[in-house]
Amino acid sequence: MLLGGVCLVALASCSGGNGGMPSNPEDACAIYRDRPHFRKAFESSERKWGVPASFQMALIYQESGFRATARPPKRYSFFIIPRGRASSARGYAQVLDGTWDDYRNGPGRAGASRSNIYDSADFIGWYVSTNNAALGISNTDARNSYLAYHEGRTGYARGSYKSKSWLLSTADNVAARAAKYETQLQYCSR
């Protein structure tokens, strides 16, 4: 009985920290302390694609709250009949099935997972940098990078975001968080 309890506690401590929200998601340095592998993932993606780690973190904060298994809420008819989810988005970056398939068939690996921070960070770097290159957006322009991420290349080019005040506000929040994270990251110990 005692051995079973010890095994259960050990198993819980091994699995508990990586899928949930960091203890202080407002502080980039605290995120890196809680999850050192996040730092490796974001910095690797930044070196490869040129998209700042601070923006990647702000995007993930907005999209999933740093939850690996995040998904849109289920929809119901008459409050009881399940109708599925609003979209196929899931994981850290809330990526749709079709877009994730494009990534896996392109620069990603076949077994890439949306709930893996390394794969999610690499996806963000790839998707944002290719969108930005096509749309003439700087990788350091967090506001417009987020709008293009959310609306897709065609939607952004058409200006679909312009009539969505809630999205413009969200993009401003993502940009502010990216700037805050960028400042914090300058003071994180290596």
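This is a predicted model: local features need pLDDT of at least 70, side-chain atom pairs count only at pLDDT 80 or more; totals for chains, interfaces and linings use all residues.
Reader: What makes α3 and α6 roughly parallel?

Author: Start with the angle: helix α3 (residues 36-49) and helix α6 (residues 117-135) pack at about 25°, and their axes lie 9 Å apart. Angles under 35 degrees count as roughly parallel, so α3 is roughly parallel to α6. The crossing of these two helices is right-handed.

Reader: Which residues of α3 and α6 meet there?

Author: On the α3 side they are His37, Phe38, Lys40, Ala41, Phe42, Ser45, Lys48 and Trp49, and on the α6 side Ile117, Tyr118, Ala121, Asp122, Gly125, Trp126 and Ser129. Sorted by class, the contact of α3 with α6 has eight nonpolar, four polar and three charged residues.

Reader: Ser45 keeps coming up. How do you know whether Ser45 is buried or exposed?

Author: Ser45, which sits in helix α3, has a relative accessible area of 2%. Buried means under 20%, so Ser45 is buried. Leaving aside neighbours within four places in sequence, Ser45 is in contact with Gly50, Gln56, Ala121, Asp122 and Gly125. Take Gln56 from that list: Ser45 and Gln56 are 11 residues apart along the chain, and their C-alpha atoms are separated by 9.0 Å.

Reader: What makes α4 and α7 oblique to each other?

Author: Helix α4 (residues 53-64) and helix α7 (residues 142-158) pack at an angle of about 50°, with their axes 11 Å apart. Roughly parallel would need an angle under 35 degrees, and roughly perpendicular begins at 65. About 50° falls between those cut-offs, so α4 and α7 are oblique. This crossing is right-handed. Where the helices meet, α4 brings Phe55, Leu59, Gln62 and Glu63, and α7 brings Ala142, Ser145, Tyr146 and Tyr149. By class, that makes five nonpolar, two polar and one charged residues in the contact of α4 with α7.

Reader: How do you know that Cys29 and Cys188 form a disulfide?

Author: Look at their sulfur atoms, which are 1.9 Å apart. The structure holds one disulfide. With -100° about the S-S bond, the link of Cys29 and Cys188 is left-handed. The pair joins distant parts of the chain, 159 residues apart: Cys29 is in helix α2 (residues 28-34), and Cys188 is in the segment after α8 (165-185).

Reader: Are Cys29 and Cys188 buried or exposed, and what values say so?

Author: Cys29 has a relative accessible area of 11%, and Cys188 has 12%. Buried means under 20%, so Cys29 is buried and Cys188 is buried.

Reader: What stands out about phi of Phe66?

Author: Phi of Phe66 is near 65°, a positive value in a residue other than glycine. Phe66 is in the loop between α4 and β1 (74-77). With a relative accessibility of 0%, under the 20% cut-off, Phe66 counts as buried.

Reader: And why does Gln94 count as buried?

Author: Because the relative accessibility of Gln94 is 14%, which is under 20%. Gln94 is in the loop between β2 (81-85) and α5 (97-105). Gln94 also has a positive phi, about 50°, although it is not a glycine.

Notes:
Residues are numbered from 1 along each chain as its sequence is written. Side-chain values use heavy atoms; hydrogens and water are left out. Axes are lines fitted to C-alpha atoms, for helices over the stretch in contact, and angles run from 0 to 180 degrees between N-to-C directions. Helices (H or I, at least four residues) and strands (E, at least two) are DSSP runs, numbered from the N terminus. Angles under 35 degrees count as roughly parallel, over 145 as roughly antiparallel, 65 to 115 as roughly perpendicular and the rest as oblique. A crossing is left-handed if the near helix is turned anticlockwise from the far one by less than a right angle, and right-handed if clockwise. Contact means heavy atoms within 4.5 Å. Ala, Val, Leu, Ile, Met, Phe, Trp, Tyr, Cys and Pro count as nonpolar, Asp, Glu, Lys and Arg as charged, and the others, Gly among them, as polar. A disulfide is a pair of cysteine sulfur atoms within 2.5 Å. Buried means under 20% relative accessible area, exposed over 50%, partly exposed in between (1.4 Å probe, protein chains only).
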